Amino acid sequence: MTDISRSGCPINLSLEVLGDKWSLLIIRDMMFGNRRHFRELLTKSEEGISSNILADRLKTLLDEEIITREDDPTHKQKGIYSLTEQGIELLPVLAQMAAWGYKYLPVSEELGIRARLLSEGGPKLWAEFMDELRENHLGAKRRRRTGPSVGERLQAAYESVVRRK
C-alpha cells in the first residue's frame, strides 16, 4: 500500500491495492486457472495483458503480500507464483463480483458457468474451494475428499459448455 492513502476507509484502502482490473484478473487466473508461471499468466488470459503491465502488477501483489514467488526447481530462470492467505481470502470477493456480472451483464455461457456454480454453492462451496487453494498454494495438509474437487468440478462444467458449442 502507498505511504499516503486517500483515506482510512477500508473500501478505499482495498481499492488502492486491488483497484485496477489487471490485479484482480491475475488473482482470478491463479485461482480458477491454476496459472502459476509468468508465461502462463501472460499467454493464457483472454484479456491479453502486456508483459510490462503483468510484471508491474505481480510486483505490486508481491509487495502487498497477496502472492509469493519461489524459484521453480525445474528451471532456474522461472518462478512459481502462489497465493497467500490474503490472496485466497479474496475468493468470496471474486465470487460475488462474478455473481453480479452473471446476473446483470451479457457474459458468455462458457465463461459464466463458474460464476453460476459459485453463486449457487454460496459460502459453503467458497470455503471448500479456499481449502483447496490453501492445499495448492500454501501446502496445507490435504483433507480427505470424496469425489472431484471444487476446482475440478468448475473446470468440468466449463469444458462441458465448450464441447456443446
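Over the ring of which residue does the charged end of Lys 21 sit?

**View 1. Lys 21 and Trp 22.** The charged end of Lys 21 lies over the ring of Trp 22, 4.6 Å from its centre; a charge sits over a ring if NZ of Lys or CZ of Arg is within 6 Å of the ring centre and within 35 degrees of the ring normal. The model is predicted, and local features need pLDDT of at least 70, while side-chain atom pairs count only at pLDDT 80 or more and totals for chains, interfaces and linings use all residues. Residues are numbered from 1 along each chain as its sequence is written, and side-chain values use heavy atoms, without hydrogens and water.

**View 2. Arg 114 and Tyr 158.** Arg 114 is placed over the face of Tyr 158, at 4.5 Å from the ring centre.

**View 3. The two aromatic pairs.** The structure holds two aromatic pairs, where rings of Phe, Tyr and Trp (its six-membered ring) pair if their centres lie within 6.5 Å, and planes under 30 degrees apart count as stacked, over 60 as edge-to-face and the rest as tilted. The rings of Phe 32 and Phe 129 have centres 5.5 Å apart and planes at 35°, so this pair is tilted. Phe 32 belongs to helix 2 and Phe 129 to helix 7, 97 residues apart, so that the pair links distant parts of the chain; helices are DSSP runs (H or I, at least four residues), numbered from the N terminus. Phe 129 counts as buried at 3% relative accessibility, buried meaning under 20% relative accessible area (1.4 Å probe, protein chains only). The rings of Trp 100 and Tyr 104 have centres 5.5 Å apart and planes at 45°, so this pair is also tilted.

Terms used
Helices (H or I, at least four residues) and strands (E, at least two) are DSSP runs, numbered from the N terminus. Buried means under 20% relative accessible area, exposed over 50%, partly exposed in between (1.4 Å probe, protein chains only).
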